[in-house]
Amino acid sequence: MDEVSRTLYIPLYGKAHVSRNGIILSDPTAETLWYQAQIRLAGKSRSRWLAYYLAMRAVVYDAWLRKQISQTPDAVVLHIGCGLDSRIRRLGHPPIQWHDIDFPDVI
């Protein structure tokens, strides 16, 4: 992966970190992916405050999407720039069309 694609590990780390600590967000898929990848982050990329922010952002988007899906049960979701996000799993695989879209080397 190039340097742009490698940045997808930063939000993965954030969600895995808080999930493993049992705060803000539960994301077992992120935990598994993070610990299997064994990527080393340094500096601000590994900040616990950044991890908290990324998890809070995911919770907000998840809640917004749950609301939208409940109001539009025939929705089609295009999760553009999905990276290694497991949002569909956190939402319990809603019965809608869902398409994760990212660069080919990420998918």
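Here are some questions and answers about the structure above.

Me: What kind of model is this, and what pLDDT do local features need?
Reply: Residues are numbered from 1 along each chain as its sequence is written, and side-chain values use heavy atoms, with hydrogens and water left out. This is a predicted model where totals for chains, interfaces and linings use all residues, side-chain atom pairs count only at pLDDT 80 or more, and local features need pLDDT of at least 70.

Me: How many salt bridges are there?
Reply: Side chains of opposite charge can pair when their charged atoms come close. Here a salt bridge is a side-chain nitrogen of Lys or Arg within 4 Å of a carboxyl oxygen of Asp or Glu. By that rule, the count is 6.

Me: Which residue forms a salt bridge with Lys 15, and how far apart are the closest N and O atoms?
Reply: Look in the loop between strand 1 and helix 5 for the partner of Lys 15, which itself lies in helix 2 (residues 9-20), so the pair ties together parts 70 residues apart in sequence. Helices (H or I, at least four residues) and strands (E, at least two) are DSSP runs, numbered from the N terminus. The partner is Asp 85, and the closest N and O atoms are 2.9 Å apart.

Me: Is Asp 62 buried or exposed?
Reply: Asp 62 in helix 4 pairs with Arg 87 in helix 5, 25 residues apart, through a salt bridge of 2.5 Å, N to O. Buried means under 20% relative accessible area, exposed over 50%, and partly exposed in between (1.4 Å probe, protein chains only). Asp 62 has 3% relative accessibility, so it counts as buried.

Me: Which side chain does Ser 86 join in a polar contact?
Reply: Ser 86 is in the loop between strand 1 (76-80) and helix 5 (87-90). A polar contact is a pair of N or O atoms within 3.5 Å; within protein, one must be able to donate a hydrogen and the other to accept it, and residues adjacent in sequence count only if both atoms are side-chain atoms. At 2.7 Å, the side chain that Ser 86 meets is that of Asp 27.

Me: Where is Met 56, and is it buried or partly exposed?
Reply: Met 56 belongs to helix 4 (residues 48-71). Its relative accessible area is 44%, so Met 56 is partly exposed.
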